[in-house]
Amino acid sequence: MIDTGKIRVRFAPSPTGLLHVGNARTALYNWLFARRAGGEFILRIEDTDVDRSESRYETQLMEDLRWLGLDWDEGPGELGGKGAKAKDKGAKGPYRQSERMHIYTALTKKLLNEGKAYRCFCTVSELEEERRIALANHRPPVYSGRCRMLTPKAIKKNLEMGKPFAVRLITVEEPLRFHDIVRGKVELPANALIDPILVRSGHENAPGVPVYDLVATVDDEMMAINNVIRGDDQMLNTPLQVAIYQSLGWKVPEFAHLPVITGTDGERLSKRHGAISISSLREMGYLPEAVINYIALLGWSHEDGKTETFSVPQLVRAFTLKRITPSPAVFDFDKLNRFNRHFMKTAQPARLARLAWEYFGFLLPDKDDASDDVLFWFANLVQLFAPTVDHLDQLPAKALFMWGFDPHEVMAKEENASVFKSDSARIVLAELADRIRGHYMPITAEVFKNWMIQIKDATGIKGKDLLHPVRIALTGTQSGPDFDKLIPIIEHGATLGIGVPGVRTRIERFIGA
RNA sequence: GGCGCUAUCGUCUAGGGGUUAGGACGUGAGAUUCUCAAUCUUAAAACCCGGGUUCGAUUCCCGGUAGCGCUACCA
């Protein structure tokens, strides 16, 4: 392998479930590290577990990464329908482990021939028995190394009898050390690793399936990965992988093991924490830049100890592995919401409107059929209500009244009915209705404001007593945006033919009910 | 059981042998507003326990405890 000095990192998920924030953060840190260093970010699919791997997860995974903006320089070709598949991107493929079996088999042969690995004919039940006895005697449940002693003659005999065998790596008994960028020196006792299995049971001409540690190590080497950044559930696999690197005469890469992200219950993220998958965050209407910003901070901090809001380019510039915290973190929706509110506020109105549109599917025409006027109106609507929600899917509930409401239902609520117990509320609405009936020009915010002043002067009713009844009549609720903002939106909406009643209609309907 | 990792406000974190232990989210109060949201001001809130080293530990070392992880012919 020619070391070009270029940083090469990878994200290597198994397509056995949805991408959740824990894996997404691993991907993000790899990506940030590569982008910052001007290196390369490789996507590899670890699909050797055929029972659990599903192509739909792989497709979803790539979609989620793309949504987050984590583009890869090398990776597998897109899976199409009916087994179709695009060409891999990059020269060190294939990038799906299921397509790389021949490589592992060849390397296993090499190890066997060089005497660095051996065939183990022990059966699973024999090994279980060994383990049971070891445990009972309070010894670590590691392999006895029995088959290492087998003579060539005995091996030959076993093979002739057609006995299946696994392949084990020969390890030397010395303390296992490696360096970790996040944890510093990690050391394990000598007897923690004895002749681990590299390849599962198989026969000479029908080799078994190689284990994860072999394939991951081989792929990392073949793909010229020089920094391995991954979850710390992998940490205790590292000594074995280091042993594999050394047996094959390869250079050991740098490691960085990331602490776990847990749910509020303190347990590592899993299916049970379903809402924390990237695709569900997207469905809830979180912005990718908010998700990125939040998960970047889950285990990493800026060197000034204070800055928390980052655009993606700012993050790329600021990111260093040295600032990663070694302790586990709890995922907190409140803080994610804070970032989402921030990025909704600063997002381009047209973009935000486009994203919000799908949540209003039942109220709006198809986006492609909508006129510019409707698009513009909707963008304004979103601007008005976005500051009141945490994520986009909460928007319809806030803005539904735009499309009208049933006055009877509203008045059935005690909180609304009590506002109209006093005469003043009825007087206010009557006064307003009078003015509307005598008015043939458009109702602008200014016109409306003047009416309120006139009614106040004419009746002496002011403040809450004046504006509350009006708000209920107009919106069916007691809270919402300023009238200055609300009136133009209502009136504009009424001209669009999308079922939005105007101020006049609303008041008449309310009084009539 | 064995081994490993981790331990600062409720949460994410900064810091580090002598600090008023800093920031952010959330929470409480106030200002503003017809109301809500936003905004501003403000308050409460933390160094897991025990021993050592030291003039002095929250910080360094050891032990304990707790949480999590690994302990497979899973990935």
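A: Chain A has a mean pLDDT of 90 (the predictor's confidence per residue, 0 to 100), and 97% of its residues reach 70 or more. This is a predicted model: local features need pLDDT of at least 70, side-chain atom pairs count only at 80 or more, and totals for chains, interfaces and linings use all residues. Residues are numbered from 1 along each chain as written, while chains are lettered from A and ligands numbered from 1 in written order. The model scores ipTM 0.94 and pTM 0.92.

Now to the helix pair. Helix α9 spans residues 288–297, and helix α11 spans residues 333–346 (helices are DSSP runs, H or I, of at least four residues; strands are E, at least two). They pack at about 140°, with axes 8 Å apart (axes are fitted to C-alpha atoms; angles between N-to-C directions run from 0 to 180 degrees). That makes α9 oblique to α11 (under 35 is roughly parallel, over 145 roughly antiparallel, 65 to 115 roughly perpendicular, the rest oblique).

From α9, the contact uses Glu-289, Ala-290, Asn-293 and Tyr-294 (C-beta atoms, placed from the backbone, within 7 Å). From α11 come Lys-335, Leu-336, Phe-339, Asn-340 and Phe-343. Five of these contact residues are nonpolar, two polar and two charged (nonpolar: Ala, Val, Leu, Ile, Met, Phe, Trp, Tyr, Cys, Pro; charged: Asp, Glu, Lys, Arg; polar: the others, Gly among them).

Helix α11 also gives two or more residues to the surface near RNA strand B (near: C-beta, placed from the backbone, within 6 Å). Helix α19 gives the most there, with five residues.

Note on methods:
Two residues are in contact if their C-beta atoms, placed from the backbone, lie within 7 Å.
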